[in-house]
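Me: I would like to go through this structure with you. Could we begin with the aromatic rings?

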Amino acid sequence: MRNRLCSLLSLLMFCLMMSSCGNTQNEIADKKDIQVKLVPDKLLEETNLDIEGHHYEWIRYCLEDEGIRIIGLRTKEDVLVIPASIQGHSVTRIGGTEDEIDAEGVYTEYDVYDAAKEFHIWNTDMDQKLKKIIIPEGFREIVNEGMAYVRAEELVLPESLVLVDEQTFIGCSITRAEIKGEQTTLGHSAFAMSSLKEILFPADFQGTLGPTCFSGSQIEKFHCPESIKKINFLTDCKKLKKVTFSEKQREITIPQGAFTDCLSLKEVTIPANVRTVSIMPNLYADDTKGKGVPTLVFKGKKTELVCVDSSTGKKITGYIPAGKIVAPKGSRAIRTAKVSKKIASFTEQGKKRIAEGEFINDYPDFYERKDLVNLVPVEYEETE
């Protein structure tokens, strides 16, 4: 009896060992399948996936040195949550090239964001509009116009994100965006021609806003982060009514054409603690109000107002390219306004040069040319 019991126990132990070994072999086989499938830089495409509690109709991605890069995905859910990992690999980047978006080469004449629009790489179709896009922590970059023309109402970008590449969200229908990262860079034209109305930055934002970052967007109010000194990202924002600055702001630079075609913007208010406002010469004049800086309102007496040659960096005395200066009585800004002139109108020769499109480049000192401009004293208003 005892011998039979020992035999049964031995048989049971053998079966358990074989079963455990079989599971291990299956797990190894699964891992090998994944490794074969995830060949670096190989474009992969899957359908009907469930990842981290969310269902995706379609997803296209590839494995890179630092993790997965998602080219596009679709969901029927109202909120698009970009997966933080796929098959055990962290997802760190979003965005594909034209060839990756149009993998079959159907629309070879398209550029990358036209291809993104055509192939609906973030929406099941052009009639679907997502309520929100959430990009989890861990993502580092959105590249290659990666989410151009995406149809969504709201966007949340994580603290870990360091780069939103050039033209990433061009033409998108996003109306509200929140940036959580203090070091996030928004590249050239990142939200250009979009439906963006509001964008929020963290209190200690130290990132970069590229030229024409919001050009052609629907922004109505813009609060400039303290770290941003150069205002060169709001051109052609026709609905822009108000630009505000932090009370901690110390320097503000207004480049050539900074507020071109911001037709609803009537004035820009400068906080009292700002030490210097530098304006570059531009084509603003009383008869071309859509070309330059509107009325400048100064709250403090000590703020210096200077015009600076963009090519040499030298101060230009006696010329201010603004419609009107409003500042406290006896302030530095008022003293400057009293001895400065502005352009009232352009001569026929000046208008011709503007039409040819090379006015500023050909004549950086055009404000000194009587054959190009008609100068009048700067308009100003003193406040108590």
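**Aromatic pairs and strand pairing**

Me: How many aromatic pairs does a search of the whole structure find?
Reply: The search finds 9 aromatic pairs. Rings of Phe, Tyr and Trp (its six-membered ring) pair if their centres lie within 6.5 Å; planes under 30 degrees apart count as stacked, over 60 as edge-to-face and the rest as tilted. One of them is the tilted pair of Phe-201 and Phe-205, at 4.9 Å centre to centre with 50° between the planes.

Me: What should I know about the model and the numbering?
Reply: This is a predicted model, in which local features need pLDDT of at least 70 and side-chain atom pairs count only at pLDDT 80 or more, while totals for chains, interfaces and linings use all residues. Residues are numbered from 1 along each chain as its sequence is written, and side-chain values use heavy atoms, with hydrogens and water left out.

Me: Are Phe-201 and Phe-205 buried or exposed?
Reply: Both Phe-201 and Phe-205 are buried. Buried means under 20% relative accessible area, exposed over 50%, and partly exposed in between (1.4 Å probe, protein chains only). For Phe-201 the relative accessible area is 16%.

Me: What kind of pair do Phe-201 and Phe-222 form?
Reply: Phe-201 and Phe-222 form an edge-to-face pair, 6.2 Å centre to centre and 75° between the planes. Phe-201 is in the loop between β13 (198–200) and β14 (208–209), and Phe-222 is in strand β15 (residues 221–224), so the pair ties together parts that are 21 residues apart in sequence. Strands are DSSP runs (E, at least two residues), as are helices (H or I, at least four), numbered from the N terminus. Phe-222 is buried, with a relative accessible area of 2%.

Me: Which residues do ring pairs link into a cluster?
Reply: The cluster consists of Phe-169, Phe-191, Phe-201, Phe-205, Phe-214, Phe-222 and Phe-233.

Me: Changing topic, how many helices and strands does the chain have?
Reply: The chain has 6 helices and 26 strands. Of its 384 residues, 47% are buried.

Me: Which strands make up the open sheet with parallel pairing?
Reply: The open sheet has 4 strands in the order β18-β20-β23-β26, with parallel pairing. Its edge strands, each pairing on one side only, are β18 (267–270) and β26 (379–383). Two strands pair if DSSP finds at least two bridges between them.

Me: How many bridges does strand β23 share with β26?
Reply: Strand β23 (residues 324–328) and β26 pair in the parallel sense over 5 bridges. The bridge partner of Ala-327 in β26 is Glu-382.

Me: And where does Phe-298 lie?
Reply: Phe-298 lies in strand β20 (residues 295–298) and counts as buried at 2% relative accessibility. Leaving aside residues up to four places away in sequence, Phe-298 touches several residues, including Ile-270, Val-277, Ala-327 and Ala-333. Contact means heavy atoms within 4.5 Å. Phe-298 and Ile-270 are 28 residues apart in sequence, yet 4.9 Å apart in space, C-alpha to C-alpha.

Me: Which strand does β17 join, and by how many bridges?
Reply: Strand β17 (residues 251–254) is joined by 4 bridges to strand β19 (residues 276–279), and the two run parallel. Glu-251 has Thr-276 as its bridge partner in β19. A further 4 bridges join β19 to strand β21 (residues 304–308), also parallel. There the bridge partner of Thr-276 is Glu-304 in β21.
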